[in-house]
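Please open the model in the viewer and keep the selection panel at hand.

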Amino acid sequence: MKITHLVLSSLLGFCLSSSLGVAGQSDFSISDLKKELKNEFTNSYPEQQKPTGKIKSFELVAAENNIGIIPPYKTLVWAYNGMVPGPVIRIKLGDTLQLKLINNLPQATTIHWHGIRVPNAMDGVPGVTQAPVQSGDSFTYKFTPKDAGTFWFHPHVNAAEQIERGLHGVLIVEDPDEPEYSQEFVWVLDDWLLTKDWQVSANFVTRHDLAHDGRWGNVLTINGRYQPIFQVKAGERIRIRMINVANGRVFSPAFARLMPYVIAVDGMLTEAPFPLQEFYVAPGNRVDLDIIIPKSLAGKKLLVQNLYGRQKSALAFLQVAAEEAVETPVFDSPRAIQFPRWADATKLPIEHEYVLNAKRGGVYGISWTIDDKIWPENAAYELTSGQFYSLRFTNKSSRLHPMHLHGQFFKVIAKNGKAVEERYWRDTVLIGPKQSIDIGIIPLDKGLWANHCHILEHAEAGMMTTIKVK
Ligand code: C2O
Ligand code: CU
């Protein structure tokens, strides 16, 4: 085990004696603390999921298509089964998903299952776990998800172009005892850069994108529609599963006259529901909301806005029916069965600090780096499964970096070196300009996993590395 922040830790005033062999008395040792953190973690989510034996088979054809984002205009997109967003695939926890990807695109592709703990070989990352599926070829993915929740899938080849053109879909894994909401919505948040004739601008990974927070567009959509209106009834209790599939844009959703509660982040149920307030849904992130439509709002049209950035913009509307209110379903919001507080986690030394920055050079003229390296120059950072680690992301740049770790969940334990309490798991965390974020993680799933910025232009220009879980 490497201890890189020895000085910092001793400044914090605890003793590292037992693991370092230094003389002195200790209140606790690093290994004891790690054991405690692990005990707290036990049963938070399963190491394995027992397949029920039920196989759910799907076919997904990736090809060009024309769709109406801004009717009556048609936009040429790349789509799964002709749709943008792609199909919402629903299976039950314990089901085995078997999905045949047929590539009819003009270039190679793969599918990465974002947030899902899959066997390493199913993770869809060229150069790490799988060869690209060539144009005209097919590949069958097969796995049994270990966690229920809101997940998504997308290519991991030339992603800055392929996802932007419309290749993404949602995978919902249902828990055997999901509560009965009046209605459930899946909202795929996207941001398009469209030309005057309503086509996807074909300049990808530009110098401008690289010098900024990736590609930010001019049309925001939900489920491929501009400012859609969703029908609800007064008294209803609804669940909204939100997914940000944009290349670079961060959303901060706000609901006029409603009080949504966050019940899940990045697929996983939170320790307890909490009110949605200035919650950043960065590229890759998901958030599940539990919302009651008050009976007093019958007949009202409610605005949903994006409050991130300089201008507020309308995202959607909830049209509450004028008719009489329905009975509001009563149940406790779903929550995590077990969740570790890890209150003492920040007393441990940081095991590895990832330095995020840019430099000149590389294929695009500007490169984004992790520890000064451009993917695939970096060596994998090795972790042992079942052990606690704290890792730090230090953003030396003044741009945004939503860092995404494949195959694992983690918990934010500190910001700018100060302990914070996020009571939920994540697979993607936004690191702000000049900010540092510390995460606690107990890796369970073995293999070689990508660790990259989910601003797709930054990733394309080098901001990716791997962890190797043994
Ligand atoms: Cu959704 Cu490697 O990412
Ligand atoms: Cu980035």
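Begin by selecting Asn103, whose side chain reaches the backbone oxygen of Val133 at 2.9 Å. This is a predicted model, in which local features need pLDDT of at least 70 and side-chain atom pairs count only at pLDDT 80 or more, while totals for chains, interfaces and linings use all residues. Residues are numbered from 1 along each chain as its sequence is written, chains are lettered from A and ligands numbered from 1 in the order in which they are written, and side-chain values use heavy atoms, with hydrogens and water left out.

Asn103 lies in strand E4 (residues 96-103); helices (H or I, at least four residues) and strands (E, at least two) are DSSP runs, numbered from the N terminus. Asn103 is buried, at a relative accessible area of 0%. Buried means under 20% relative accessible area, exposed over 50%, and partly exposed in between (1.4 Å probe, protein chains only). Now display the surroundings of Asn103: leaving out residues up to four places away in sequence, it touches, among others, Ala62, Thr109, Gln134 and Asp137. Contact here means heavy atoms within 4.5 Å.

Next, select Glu164, in the loop between helix H4 (159-162) and strand E8 (169-174). Glu164 is buried as well, with a relative accessible area of 2%. Its side chain makes a polar contact with the side chain of Arg215 (3.0 Å). A polar contact is a pair of N or O atoms within 3.5 Å; within protein, one must be able to donate a hydrogen and the other to accept it, and residues adjacent in sequence count only if both atoms are side-chain atoms. Beyond its neighbours within four places in sequence, the contacts of Glu164 include Asp191, Trp192 and Asn247.

Finally, colour domain 1 (55-174), domain 2 (183-320) and domain 3 (345-469); such bounds come from an automatic or database domain assignment. Select Asp445 and Arg117 to see a salt bridge with the closest N and O atoms 2.9 Å apart.

Key:
Salt bridge = Lys/Arg side-chain N within 4 Å of Asp/Glu carboxyl O.
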